[in-house]
Amino acid sequence: MQQNDNDRQIRFTRRAAILAGGQAMLFGALTGRLYYLQVLEADRYKLLAEENRINVRLIQPRRGRIVDRFGVQLADNQQSYRVLLTAEQTSNVDDTLAAIAPIIGLDFATIDQIRDDIGRQRNFVPVAIAEFLSWEEVAQIEVNAPDLPGISIDVGDRRFYPQVSEAAHILGYVARVGPEDLTGDPLLETPGFRIGRAGIERSYDESLRGRAGSRQLEVNASGRVVREIGRTESEKGRDLVLSLDMALQSLAGEKLGEESGAVVVMDIHSGEVLTLASAPSFDPNKFAEGLSTSDWAALSGDERAPMRNKAIAGEFSPGSTFKLAVALAGLEEGVIHPDTSFVCPGYKELGNRRFHCWRRGGHGRVDLNQAIAQSCDVYFYELAERLGIDRMAETAERLGLGREFDLDIPGERPGLVPTRAWKRAVIGERWVGGEDLVSGIGQGFLLTTPLQLAVMTARVANGGKAVVPRLIAAADVHLPERLPDADPRTPIDILNRSDVPRDAISGGGAQAPSLGFDPRYLAAVRRGMETVIASPRGTAYRSRIGVPDMEMAGKTGTVQVRRITQAERDTRVLRNDELPWRLRDHALFVGYGPVDNPKYAISVVIEHGGGGSTAAAPVARDVMELTLRRDQARSADPVREG
Amino acid sequence: MARRSGFGRAEAGLLEKLLRLDLLPIILLLVVASIGAMMLYSAAGGNMDPWARRQLIRFGVALVALIVVAVIDLRHWLRYAYAVYAIGIASLVLVELIGTFGGGAQRWLDLGVIRLQPSEFMKIAVVLVLARYFHYLEQDKIGRPHHLLVPLLLIGAPAALILRQPDLGTAMLIIILGGAIFWLAGVRWWKFAALGSLGLAAIPVAWSQLQAYQQRRILTFINPDRDPLGAGYHISQSKIALGSGGVSGKGFLQGTQSHLNFLPEKQTDFIFTMFAEEFGLLGGIGLMLLFACLIAYGIFVAVRCRNQFGRLLAMGLSTSFFLYVFVNIGMVMGLLPVVGVPLPLISYGGTAQLAVMIGFGLIMSVHLHRDQYVIHPGRGV
């Protein structure tokens with residue numbers, strides 16, 4: 001028995017030793033695992049723990065401002081008030097929504113959507129229920145605060161366009177980020193963020209946007225913020241100075257009025273665009289707030305295309321304004337000289353077709369000067385017949401037609417300068433002689449934008465230099481926080497002001513290269529343009545400025561949109577005001593001033609506006625007069641800084 | 001020696017017994033329990049309530065229970081082994097009938113003043129009853145399979161009842177514990193192999209009996225990344241907490257994973273993770289060493305004991321303690337599936353703590369009565 005138990009004890013001890021050994025090995029495995037996790041993999045898990053713990057929230061940067069050359073604010077930021085609702089701070093979300101609905105005008109559909117939003121979020125996350133509150137609404141909410149548990153008001157930035165629609169096509173607008181805009185940049189996904197959707201806002205979006213700051217927040221497992229650990233401030237977007245003069249831009253918009261058209265004014269030496277107006281226009285503020293469906297339908301359905309920047313994207317036949325290019329081509333190619341004259345009987349026959357002059361009875365014998373001044377079509381039929389399309393096209397392209405200038409606004413169109421080769425390649429037909437004649441008076445296939453017409457005029461006026469338009473005076477700059485209002489009478493270029501850092505000023509000012517035209521021939525064309533206004537027989541005599549040293553020269557153009565039948569010619573050609581809008585003529589005018597010492601070129605196009613001399617020239621006259629007055633004021637300023 | 005029921009030595013007086021109690025295990029238990037209270041204080045964000053204070057008060061009660069159990073003569077434990085076992089089974093049945101739900105399982109018995117988890121006490125009862133059975137089973141009879149049927153039933157009955165709660169972890173632990181006692185009693189290797197293969201064959205059947213959440217836990221254990229925000233979340237967050245603790249830890253009350261609630265059930269099953277996050281590898285190994293000392297004490301007592309009942313009892317209880325520590329720590333480290341086993345003396349929970357203390361009370365009782373030469377083996381029941 002004793003022996004028996006001794007056996008059992010021995011067996012037990014052996015087996016207990018094996019069991020203890022096994023236990024020790026398993027403990028060793030635990031220690032090994034602990035070593036693996038806490039030493040070998042420690043860095044990885046430390047990172048994961050930090051990622052768990054720290055939630056980075058972006059701080060939206062302040063968007064850069066856009067100002068005109070005198071510092072007039074075109075795109076600015078305004079404080080905007082938002083209403084937030086935090087579900088956990090109210091005992092009943094529905095009651096709170098019902099209480100606030102009448103104050104900020106929420107409809108049932110919106111309330112349902114808000115309820116969905118709240119349902120999706122954790123109950124301590126504030127949900128925005130309305131943006132862009134008026135002061136009255138904010139005050140109302142403050143007064144009623146005791147009855148609005150869970151409601152708080154938050155201040156953010158909103159984009160604001162103080163000039164409303166006057167430069168809308170240039171500035172473009174900002175709008176909510178759509179799914180197609182996402183690039184992986186988390187800033188784009190922050191609530192309420194806006195990106196540039198059109199115009200300068202779009203093309204300079206990166207520069208204007210700035211750099212996001214961030215807040216490092218410690219959060220717990222359910223996402224609630226425990227405390228702020230660190231903060232990197234956002235870097236506000238860089239400002240942008242346009243070469244525009246808003247006074248001119250506004251006047252151009254005002255003069256275009258209800259018409260559909262565009263006005264371009266540019267410095268013929270530097271290429272700076274002072275005015276780039278397109279009408280009708282739109283209110284970019286509405287886009288920043290979020291356009292209603294009905295507003296969008298009204299804008300996109302309008303036959304006058306308020307959303308299109310007609311100054312750069314409107315393609316029109318140049319009409320008689322093209323005669324400047326044809327005249328220069330004729331002189332340059334030796335087809336005519338300034339004294340060459342043709343007889344205008346009111347038409348020109350080619351084969352069995354008759355090409356009419358706008359003046360039924362004809363102009364009789366006219367030289368180049370009078371042909372330009374009176375816009376005699378037959379003179380230019382003769383010239384075009386002798387030149388042929390390719391030689392006209394070559395000069396037209398040298399003057400800046402048929403190409404884009406990359407003005408930094410999306411949507412610029414190249415227009416069209418046809419050639420024989422072009423017609424064969426694109427239309428697949430041979431060029432015929434009649435088309436030379438039609439092209440000679442700026443009709444047919446030719447298409448130009450108002451910007452190109454201004455460039456063409458500038459190149460004629462500046463003595464044949466290849467000036468290129470530019471709209472951005474300075475980008476990527478930091479302007480002083482507060483910009484004093486410019487003196488409206490004696491404005492000073494913001495880039496010349498002492499409070500603007502020197503490095504803000506971009507290059508520019510380099511002398512444009514010569515296009516190689518003979519100065520005498522350019523002078524002959526300019527003389528014709530002077531006569532247009534100076535001579536009582538000129539097409540724009542009635543639009544003369546009439547102030548010494550501030551006179552302009554120019555050329556009218558009237559583009560026929562419809563085909564006039566022989567039957568109508570035989571009875572009476574219908575007047576524009578007897579026709580529906582879409583069939584009326586386009587009115588054009590190009591010009592420069594002052595006559596003696598040209599500085600500025602202008603182009604005016606009024607779509608279906610009627611005659612160039614009656615509709616376009618008066619607009620040009622007013623805008624050019626103000627341009628010259630403001631130039632005089634600037635030049636006379638005795639305390640010019642910088 | 002030939003007496004029907006006798007000990008080799010006369011019974012010592014109560015005072016003498018108290019003076020002869022080992023201090024070492026009591027000190028070790030005190031240290032471990034203090035660490036537990038400290039972690040419960042940390043888990044509550046630096047607060048004695050709701051866990052640390054209550055756990056300490058219960059520890060005081062449990063310490064008294066330990067001493068009482070330790071001084072009770074081993075003969076009484078031998079005599080009443082079946083009674084204890086019967087009470088355990090009865091309370092498991094009661095849980096089945098009138099038990100309270102908690103954490104997705106019916107585990108608690110509400111006695112008005114206290115709520116008990118009978119399955120915790122069942123582990124002790126199983127060890128007691130098996131120790132008694134094998135104490136009386138003669139050596140040559142162990143070789144006969146039909147003598148093993150009774151102890152298999154003694155293990156199977158509580159395991160089945162606990163599995164029904166359902167508490168897969170505890171049921172598995174009782175089966176493994178029973179197997180260990182079989183092994184210590186001298187059951188041959190090949191029988192384990194036979195039972196093992198039978199068990200493997202039963203896996204598909206058992207699988208179909210498991211609750212969906214238990215199946216999910218096992219699948220998640222096999223591949224934690226399968227569902228990182230669902231069932232695998234606990235394990236992933238636990239590993240992040242452990243790993244980010246590094247060698248020296250983040251410091252007391254500084255565990256980000258625990259205090260920001262990324263770590264689930266930090267006051268119960270995942271408390272070791274919290275400890276190792278705050279005290280690092282050094283703290284983790286230190287705590288495991290303390291556990292190892294307690295286990296070693298049990299083994300030492302078992303080997304020193306001069307009767308089979310005491311040997312099996314001490315070794316069985318110490319093994320039970322080991323299993324709890326190993327399964328819990330292995331679980332939070334992602335070595336074992338999440339089966340809901342607490343870390344003895346550290347995790348919040350009164351019953352588990354009381355059971356561990358009673359278990360050590362029994363081990364100390366074995367040690368106190370180690371030289372008693374209990375009745376001849378082979379007596380039968």
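Across the interface of domain 1 and domain 2 of chain A, 5 residue pairs are in polar contact, both residues of each pair being at pLDDT 80 or more. This structure is a predicted model. Four elements of chain A, namely α6 (168–171), β6 (173–176), α7 (199–203) and β17 (472–477), each supply at least two residues of the side of domain 1 that touches domain 2. By class, that side of domain 1 has 14 nonpolar, 8 polar and 6 charged residues.

- The domain assignment of chain A gives domain 1 as 50–72 + 164–218 + 236–242 + 471–507. Domain 2 is given as 260–294 + 315–470 + 508–636.
- The centres of domain 1 and domain 2 of chain A, taken over C-alpha atoms, are separated by 37 Å.
- At the interface, 28 residues of domain 1 of chain A are in contact with 25 residues of domain 2 of chain A.
- The size of an interface is often given as the accessible area lost when the parts come together. For domain 1 and domain 2 of chain A, the buried area is about 2,200 Å², with 56% of it on carbon and sulfur atoms.
- The rule for salt bridges finds 1 across the interface of domain 1 and domain 2 of chain A.

**Salt bridges in the model**

- Over all chains, the count of salt bridges comes to 51.
- One salt bridge joins the side chains of R69(A) and E272(A), at 3.1 Å from N to O.
- R231(A) forms a salt bridge with E233(A), and their closest N and O atoms are 2.8 Å apart. R231(A) is partly exposed, with a relative accessible area of 45%, whereas E233(A) has a value of 52% and counts as exposed because the cut-off for that class is over 50%.

**A pair within one helix**

- R209(A) and D205(A) form a salt bridge in which the closest N and O atoms are 2.6 Å apart.
- Both R209(A) and D205(A) lie in helix α8 (residues 205–209) of chain A. They are 4 residues apart, which is about one turn of the helix.
- R209(A) has a relative accessibility of 11% and D205(A) one of 7%. Buried means under 20%, so R209(A) and D205(A) both count as buried.
- R209(A) and D205(A) also belong to a network of salt bridges that links them with R63(A), R159(A), D185(A) and E201(A).

**A pair between two loops**

- The side chains of E315(A) and R413(A) meet in a salt bridge, at 3.4 Å from N to O.
- E315(A) lies in the loop between α12 (310–313) and α13 (323–332) of chain A, and R413(A) in the loop between α16 (389–398) and α17 (420–427), so the pair ties together parts that are 98 residues apart in sequence.
- E315(A) is partly exposed at 26% relative accessibility, and R413(A) is partly exposed with a relative accessible area of 40%.

**The position of S292(A)**

- S292(A) is found in the loop between α10 (284–289) and α11 (293–301) of chain A.
- With a relative accessible area of 31%, S292(A) is partly exposed.
- S292(A) and V56(A) are 236 residues apart in sequence. In space, the distance between S292(A) and V56(A) is 34 Å, C-alpha to C-alpha.

Definitions and conventions. Residues are numbered from 1 along each chain as its sequence is written. Chains are lettered from A and ligands numbered from 1 in the order in which they are written. This is a predicted model: local features need pLDDT of at least 70, side-chain atom pairs count only at pLDDT 80 or more; totals for chains, interfaces and linings use all residues. Side-chain values use heavy atoms; hydrogens and water are left out. Buried means under 20% relative accessible area, exposed over 50%, partly exposed in between (1.4 Å probe, protein chains only). A salt bridge is a side-chain nitrogen of Lys or Arg within 4 Å of a carboxyl oxygen of Asp or Glu. Domain bounds come from an automatic or database domain assignment. Contact means heavy atoms within 4.5 Å. Buried area is the accessible area (1.4 Å probe) that two parts lose on being put together, summed over both. A polar contact is a pair of N or O atoms within 3.5 Å; within protein, one must be able to donate a hydrogen and the other to accept it, and residues adjacent in sequence count only if both atoms are side-chain atoms. Ala, Val, Leu, Ile, Met, Phe, Trp, Tyr, Cys and Pro count as nonpolar, Asp, Glu, Lys and Arg as charged, and the others, Gly among them, as polar.
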